[in-house]
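User: I would like a close look at one part of this protein. Please keep the answer plain and say how each term is defined.

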Amino acid sequence: MAQYDGMYEFAVTPAVTNIRRRGVEIREVTPDSLGAEMELESGDRIIKVNGRVVRDYLDFRFQTAGETELVLEVRKKSGEDWEVELERAEGEDFGLAFEQIVPRQCANECIFCFCNGNPADARPSLFIKDEDIRLSFLYGNYTTMTSITEDEMRRIVEQRLSPQYVSMHATDLDVRAYLLGIDPQRADISSKLRRLLGAGIEVHAQVVLCPEINDKEVLTKTIFDLAAEYPRITSVAIVPLGLTRYNTDARLTRVTPEFCREVIDQVDQIQKQLHTKLGTNFALLGDEIYLRAGRRIPSTRHYGDYPQIEDGVGMVRSFNNEFGRLMRRLERDGRTNLNNARGTIFTGTLFAPELKKLIDQLSSQFGTQLIVEPLENSYFGGDVSVAGLLTGQDLLQARDRVNGEFVVIPKQMLKSDEAIMLDGMKLEDVSRTLGRPVHAVDLKELAKLLLSKN
Ligand code: SF4
């Protein structure tokens, strides 16, 4: 599911070169570990555990869990086949790190798919249309469940791959089929969903809200249909359609502040009803909807245990709370003067006004000299205003607005395992061009950075 939330990075290769080999490849063996004792090496593949096929590291984890006597079938890097018998203490770690899961691709043609909004020269990984129940369980990626196989259904239940995150978009079948670009028969996942729920698998649902398609009464119906399955379906996240300048599909209507205000008013009423009945708001709107509407972000209580925070639902509230804790900690530690911290913080245009309020409080209380600058997204354009999709080019275009001795950017602007941005620019190159260190940080790291300057 590649909407905003699908913008993660794995070690992936284009599908054409993606030859699936048997077993799972070992990437690293910790010295002096059980794996090292068994003479396993990086590049070896584990094919079977106790006679059962291993498809990926989840299988390995599942099939070795609780087992103390094991027979591993291994295809060595050299091509030799080994059978390794071993005994281990319960819970003893193998000291093995495995290759990443190669995502399964979806067979949908969603009209709002983010892949359609990429510039033609974007990195190949941005065109990956992942639809994988394993990644749903591991990372909270959404699947539509339209192409889920019987084998995958059984695997979810047998290996307890719970929770699963499901993109519903609409429970009205025709609307769902229209949005996914498939026929209604394939769009109908009701029996699969029933089967998972019946087996005790927890489901979180998502709606990508597209004006004039799945809003208004379609949205109301979707929320109530899903809420009827509470607590087996635990929550539904409603996030707005995001269009870049490359999305030119005439069927799509841009999300406006006015639309966001209407949605908040509509869902507010539903939340009240559901709260009375279920004791939870159940349907939660993405932060972007409140920010675009110019409305206040709801309280901590509104989000319960933040069931879909990674989808940008409650992230701003959580950040505000964390910021409050940081201020209190500085106060407790007697840090009254941080005036050597002089720099510029860049973030997406959507969050910049919120962040500015917080940073201004910090500056007035602790003397920091930090300026928050909203960074326009010139790479994707359109209404893309979130920090995670900003690029190196965007930063360079804002160089006239850099003040102070350092620059801070949100950590999510970088690839998870490398200091490189979405447009391929390296952090060190951006630093060199801006003539100042650029720090990609989260809130904790920002606090450390400020303290290190004083
Ligand atoms: S086509 Fe739909 S399901 Fe497939 S990746 Fe795109 S948005 Fe996700």
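Which residues does isoleucine 101 touch, not counting residues up to four places away in sequence?

Analyst: This is a predicted model, in which local features need pLDDT of at least 70 and side-chain atom pairs count only at pLDDT 80 or more, while totals for chains, interfaces and linings use all residues. Residues are numbered from 1 along each chain as its sequence is written, and side-chain values use heavy atoms, with hydrogens and water left out.

With that exclusion, isoleucine 101 touches Asp56, Tyr57, Leu58, Asp132, Arg134, Leu135 and Leu138; contact means heavy atoms within 4.5 Å. Isoleucine 101 sits in the loop between β6 (96–98) and α3 (133–139). Helices (H or I, at least four residues) and strands (E, at least two) are DSSP runs, numbered from the N terminus. The relative accessible area of isoleucine 101 is 3%, so the residue is buried (under 20%; exposed is over 50% and partly exposed in between, with a 1.4 Å probe and protein chains only).

Elsewhere in the model, an open sheet of four strands runs in the order β7-β8-β9-β10 with parallel pairing. β7 (164–167) and β10 (283–285) each have a single partner strand, so one side of each lacks a neighbour in the sheet. β7 pairs with β8 (residues 203–209) in the parallel sense over four bridges, where pairing requires that DSSP finds at least two bridges between two strands. The bridge partner of serine 167 in β8 is glutamine 206.
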